[in-house]
Amino acid sequence: MEVDVRETERRNAATWRMRLAPYIVPDLKRSVWQAASTAALFAGAWALMYASLAVSYWLTLLLAVPTAFLLIRLFIIQHDCGHGAFFRSSRAAEVVGSILGVLTLTPYHYWKKTHAMHHATTGNLEHRGFGDIKTLTVDEYLGLARWERFKYRVYRHPVVLFGIGAVLHFFVLHRIPTIVPKTWVRERRSILWTDVGLAGFIVAMGTLVGFRELLLVQLPVALLSTSIGVWLFYVQHQFEPTYWEHDARWVYDDAALLGSSYYRLPNLLQWATGNIGLHHIHHLNARIPNYRLQDAMDHHPELRQVATLTLKESFRCVRLVLWDERTKKLVPFPRGERAVAGAR
């Protein structure tokens with residue numbers, strides 16, 4: 001007897017929605033405290049960097065590391081606002097998310113829409129696109145012309161993906177309203193107004209502390225935070241064993257539990273990254289505030305029985321660049337591509 005995959009998906013999703021329902025209601029006091037305390041810590045760290053310019057720029061760069069992680073924590077708050085997980089009021093979420101978008105170089109409504117598309121289609125081979133790191137199957141890669149294979153190899157190189165590509169994505173692409181379709185009116189306006197806010201921030205801070213000083217402090221923080229952000233997103237979905245399926249067999253809960261990692265970080269890093277390492281729970285129900293993800297896992301021990309990455313283990317994920325549909329695994333680039341292509 002054939003199983004109706006879509007019906008099974010609906011039943012599974014309904015089950016998890018029911019089990020995780022107690023965790024989805026935002027606590028206004030906790031949300032306000034998290035936002036205010038993180039913003040205060042970020043401002044304090046930024047001020048220390050500015051003060052350190054008079055001592056040593058090496059000290060300034062050292063201080064850029066914790067400051068960048070605090071900016072990541074602010075991004076997680078923006079991220080929760082986009083999911084409707086941080087405030088009950090959508091207006092409050094829009095205001096806070098849009099303001100934070102200036103600091104994180106991420107237009108709020110543009111990111112909110114593309115990220116929702118990511119959640120709705122992660123692990124679906126027919127819906128790779130917005131909000132994802134480009135991933136080809138082995139057959140797709142071997143079917144490309146040599147120049148196209150070279151471009152994909154360059155794109156997936158760590159220096160490009162976590163360095164040059166991260167800079168281009170956040171510093172350049174996020175400044176251009178035309179990167180989205182004309183019909184995305186709200187998203188285009190979000191990009192434009194974020195640019196206006198960013199220009200205002202640069203002028204105000206440059207006038208206050210000096211444009212040279214602003215550059216020396218803010219640039220390393222922005223560069224580090226964008227690279228860290230791309231890295232976090234990468235290891236949340238590019239790991240082994242993971243989940244990719246064609247549309248007919250794709251199941252939402254399976255994509256969440258099997259295709260999103262549990263990135264088990266040291267306590268301080270878990271705090272700094274807003275519990276985003278508990279990514280499988282976040283994908284099961286994106287309405288859970290970041291400060292309740294750990295509670296959800298503590299009360300549902302079976303949520304620990306998923307693919308788990310430690311910080312050390314996660315670095316091995318960089319070599320996983322293609323999805324092999326035969327073995328159902330992410331694999332490195334093949335050696336002897338011509339011979340492999342002929343054999344397939």
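The 39 positive and 27 negative charges of the protein chain have mean positions 5 Å apart. Lys and Arg count as positive, Asp and Glu as negative, with His and the chain ends not counted. Each charge is placed at NZ of Lys, CZ of Arg, CG of Asp or CD of Glu.

This is a predicted model: local features need pLDDT of at least 70, side-chain atom pairs count only at pLDDT 80 or more, and totals for chains, interfaces and linings use all residues. Residues are numbered from 1 along each chain as its sequence is written, and side-chain values use heavy atoms, leaving out hydrogens and water.

The protein chain holds 16 helices and 5 strands (DSSP runs numbered from the N terminus: H or I of at least four residues, E of at least two). Its radius of gyration is 21 Å, close to the 20 Å of the globule rule for 344 residues, so the chain is as compact as a globular protein of that length. That radius is taken over C-alpha atoms; the rule is 2.2 Å times the number of residues to the power 0.38. Along its principal axes, the C-alpha trace spans about 70 × 50 × 45 Å.

Of the 344 residues, 47% are buried (under 20% relative accessible area, 1.4 Å probe, protein chains only).

Now turn to helix 8. Helix 8 covers residues 158–172 and kinks by about 40°, centred on Gly-165. The bend is the angle between axes fitted to the seven residues ending at a residue and the seven starting there. Leu-161, Phe-162, Ala-166 and Phe-170 are its buried residues. The buried residues of helix 8 pack against helix 4 (90–104), helix 7 (146–155) and helix 10 (211–237).

Methods:
Buried means under 20% relative accessible area, exposed over 50%, partly exposed in between (1.4 Å probe, protein chains only). Contact means heavy atoms within 4.5 Å.
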